Structure formats: structure tokens, C-alpha cells
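Colleague: I am new to reading protein models. Could you walk me through this one?

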Amino acid sequence: MASRSLRLLLLGYLGVLSYRRVSGISIETDNKNVKAEEFKEAILSCKHKFSKGMSLRIEWKKIQPQGVSFVYYNGEFTVAPTTPVCEVPSSAMTGTVVEMRCRETEGSPPSEYQWYKNGVALLEKTGTGSARAANITYTMNKKSGTLLFNTVTKNDTGEYFCEASNGIGLSQKCSVKRMQVDDLNVSGIIAAVVFVALVMALCGLGVFYAQKKGYFASKKTNYQSTSEKDFKHTKSFVI
């Protein structure tokens, strides 16, 4: 019987070990219930024996209700992905550039990302094969998690979510978010510009009419005459 030990720095959980017996292989431990303080060292032991001629691979796994959270194998940890963070705009105008982002940072090895629209997986590449036949207007990068629309259309309206996976444990997905794409209201913009131009023209005509009637000039004359009377009064008072 061979014996191995693994030293781990535990981040605040209790390790629970179990042993299994399958055909030709037996695995057991000296301590099924290991308790450790947070950020302190713990030793997990594993004893195994197997028939001659069999190839043995030792893995340490942390089992949680939602599945395997990490695996230790060949001197390295592999960690299942966490729920990714998705950035999906709620609205967009046709013809504009839209980029959706999906990212999670806990998985090891790094996760790959798959985007879905209305529950259907989107194709990764564009311009060839079925992607060209479907007239796809986006580019999806599974490594970076981006979904780019160079010229978004009304057909791109829908509910989107992203799924992260790295082969360890269960894949994780973000919550569904809806993007609404609408046409640019050109007639509304033209109407607004015309309205502003009319308002400015009316203001200009009002100023011109007031100047022609001499409203500004009369106010200036009254001011000057008042100033002259004040000056004369002051002069006689000094004498």
C-alpha cells in the first residue's frame, strides 16, 4: 500500500474526506474529518492500493452541493468557474456599434464563454459556412467573452445570457438580460431642428422690431437726460 500526503492552505472550510472501493482499487484515509483554522495549514492523507499493470491518477476534489469546486492534480489546482458578470445594454439604435461582455475570474484554467440569444447558442465565427448563410452580424470571442455587433439591427433584439465553463465542475451562467433595438427617428430629429430654427428666427424678429420702434433708444435718452439733471443740480449745490 502506498501513502501520500497533501499540504493545503485552506481558506476557511472544513475538509471532509471519504474513501471509495472500485474494481481493483481501494482508497482510504487515516482521518475522514479534518478540521482546520482559517488561513492555517492542514494535512490531508490518502492511502491507495491497486492491481499490477493499472495506471493510477490521484486527484483531490472539493465536493459541494452544487458540484465540484476545485480539483488538485499533478501539483496544480484546477478551480470550477463562478457565476460570470454580463454587460448587456438595455437599448440601442440601429446601425450603431454594440459590445456585450462576459467575465469571471475565479476559474482555473481560465474559462471559455458561450453567448445565447433567446435560449439558443450563438455561432462563434462569421463570414463562412452556416454563419454566412444565417446572415450573422456579430462576432463572438469565446476566449475574451465579448459579443460584438458592428452594425446592430432590429433583428438583434432579444434576451441574452452568457455561460462560462472550463471543464471543471458545472458551467455557470449569468442572468438573462434583454436588449431592445429601435430605428433612429430621423423625422423627429428634423422636426426638432426646424422648431429650434423657428424659435431663433422669432426671437431675432422681435429684437429687430423693438430696435425699429426705438424702445432701446428711448431708454438710453431718458437715462442721459436724467444724468444731466443730476449733474446740474450737483453743480449748483457746490456753487
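Modeller: Gladly! Let us begin with strand β12 (residues 98-103), which has a covered face of Val 98, Met 100 and Cys 102 and an uncovered one of Glu 99, Arg 101 and Arg 103. Strands here are DSSP runs of E with at least two residues, numbered from the N terminus. This is a predicted model, in which local features need pLDDT of at least 70, side-chain atom pairs count only at pLDDT 80 or more, and totals for chains, interfaces and linings use all residues. Residues are numbered from 1 along each chain as its sequence is written, and side-chain values use heavy atoms, leaving out hydrogens and water.

Colleague: Which residue in β16 is the bridge partner of Arg 101?

Modeller: Two strands pair if DSSP finds at least two bridges between them. β12 and β16 run antiparallel and are joined by 4 bridges. Within β16, the partner of Arg 101 is Thr 146.

Colleague: And which residue stands opposite Arg 101 in β12?

Modeller: Look at strand β10 (residues 85-87), which pairs with β12 in the antiparallel sense over 3 bridges. The residue opposite Arg 101 is Glu 87.

Colleague: What is the angle between the planes of Phe 149 and Tyr 160?

Modeller: Rings of Phe, Tyr and Trp (its six-membered ring) pair if their centres lie within 6.5 Å; planes under 30 degrees apart count as stacked, over 60 as edge-to-face and the rest as tilted. The structure holds 3 aromatic pairs. Phe 149 and Tyr 160 form an edge-to-face one, with 6.3 Å centre to centre and a plane angle of 80°.

Technical notes
Buried < 20%, exposed > 50% of the residue type's maximum accessible area, 1.4 Å probe, protein only.
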